[in-house]
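I opened the model to look at the build of one chain and at how its partner meets it. My entries follow.

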Amino acid sequence: MSIDTETARRVAKLARIKVEDDQLPALASEFSAILGFIEQLNEVDVEGVEPMTSVTPQRLKRRDDVVTDGSQQEAVLKNAPDAREGFFAVPKVVE
Amino acid sequence: MTDLTKLTIAQARDAIRKGDTTSAEITNACLSAIEGAGALGAFVHHTPEIAANQAKAADARIKAGDAPAMCGIPLGIKDLFCTKGVPSQAASGILEGFKPEYESTVTTQLFDAGAVMLGKLNMDEFAMGSSNETSVYGNAVNPWRRGNEDTALTPGGSSGGSASAVAADLCLGATGTDTGGSIRQPAAFVGITGLKPTYGRVSRWGIVAFASSLDQAGPMTKDVRDSAIMLQAMCGHDPMDSTSADLAVPDFEAALTGDIKGKTIGIPKEYRMDGMPEEIEKLWADGTAMLKDAGAKIADITLPHTKYALPAYYVIAPAEASSNLARYDGVRFGHRAKLAQGDGITEMYEKTRAEGFGPEVQRRVMIGTYVLSAGFYDAYYNRARKVRALIKRDFDQVFADGVDAILTPATPSAAFGLGENMDPIQMYLNDVFTVTVNLAGLPGISVPAGLDSQGLPLGLQLIGRPWEEAELLNTAYALEQAAGFVAKPTKWW
């Protein structure tokens, strides 16, 4: 599968990673090489095989729906690049 | 006591209990060794004050007669583990300055058992790499060299700092994590023992996530006994990790009898790769003979889907990574890009992630995004998950037929030079023998078994049945005793 620069641009956008226009052709060719490698999977007969969801045959555990933690505003905000008045601060989202 | 840093965990434990030395003495010896080993690039955050306090507390506990096996043992901790108040940045620029407000379950358990933290260890960024060359801190370097050359060799990856530190006697043991081979490949490259437990044996809580269905933490140690001792302290059920297994933990060290009479060891024909170096082939044959001499039965087995493990891995791991790494958005922790006038929140995300993630992480996040995107999800992601089911079925079949453990080479080559292996797909091939084990959720251990013609260590891998780490460690112990690997790197750093 050959990836064109438009596809590379779209993937970068979906991944929210800024890629400069002049970098897109190189990125597209890297993707093509990796996807070419992955395409070996098409040789495998997977007819009737269920996709694996859990490698160990155990039910995902559940716990009681009760509050077990909380009231840690200071700790939660401690590593934020920009925290103000008890909130995470980000550039204006709504005009 | 001559050189305290050279002790194994078991030797140190016994010496401390007998009163021949103290945790403080061993810890100080390690701290001095670390100070003199900057050229290895192994330790990237130093915590001598924490170490001194923990050693003092450990010595007090031992005096009081309360001494678990890991009490007073100085360790290095891979940078992927969150350690409270200590930088934990997964060797990534995007977590620059991040100091967790909490402690991972593994480090909590180790510290509760009295272990001492010397500092944080280098690794590939977000554990994505096989040579430690994707680290924001720069390379970790292998203490081994080829003959009399001074070419800097990779300690492997992603747990490269852990491998380098243990092999160079900077610490008595180290934590590692393994998503596709990141404990076993570096262990093989530096001549130490590295164990990846069964998926679910060790809690993932507080370990920076890469690919959650594959990630597992484990010990990297100087010998098999130490891996048994350290695993004991690391594992167990944890309600904070929903995939953590609620199973009894056996006494791993007590399982080390060295008796493997009547056990069946499988030799998978698919692991005999085209172009495999003769030395690896010979090492594998020698290892097979050793286990046979120890009384094991050798069985030729087939794992037909082996060839498809790496391509399946390079769909599943990036897919999970793209989802896990979505959290690095410049809002809650770590790096945020400087914004231009008029930049909105999308520009903030895009610039932050472009600046914070290195090239390999960006590549994998974008591949993961692609294979999960509308129109490709079935063709790539679902197909890879089906192939993964077939890979696991191969192992299930072999174990059902009575095989107790499987012997393979750990890596397709000895350690290579830093900068020698720059093509991403060539780099991925490093994990060809280890990645199947992650996909099938099995325990695997790398044991040093010999030197190549240039004097570099080579490792063999043993793969065990799910939850049978005790039996696996015992087989590894038998192999270790037969191989008698005692070589150490000559100090140049």
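I looked up the radius of gyration of chain A, taken over C-alpha atoms, and got 22 Å, whereas a compact globule of 95 residues would have a value near 12 Å. The globule rule is 2.2 Å times the number of residues to the power 0.38. The C-alpha trace of chain A spans about 55 × 45 × 25 Å along its principal axes. I found 16% of the 95 residues of chain A buried (20 or more other C-beta atoms within 10 Å of the residue's own, with C-beta atoms placed from the backbone).

The model is predicted: local features need pLDDT of at least 70, side-chain atom pairs count only at pLDDT 80 or more, and totals for chains, interfaces and linings use all residues. Residues are numbered from 1 along each chain as its sequence is written, and chains are lettered from A and ligands numbered from 1 in the order in which they are written.

For chain A I noted 3 helices and 2 strands, in the order α-α-α-β-β. Helices (H or I, at least four residues) and strands (E, at least two) are DSSP runs, numbered from the N terminus.

Next I checked contacts (C-beta atoms, placed from the backbone, within 7 Å): 37 residues of chain A are in contact with 56 residues of chain B. On the side of chain B that touches chain A, α12(B) gives the most, with 11 residues.

Last, I followed α12(B). I noted a bend of about 25° at B:R383 (the angle between axes fitted to the seven residues ending there and the seven starting there). Just after α12(B), B:G402 has a positive phi of about 105°.

How values were computed:
Buried ≥ 20, exposed ≤ 12 C-beta atoms within 10 Å, placed from the backbone. Contact = placed C-beta atoms within 7 Å.
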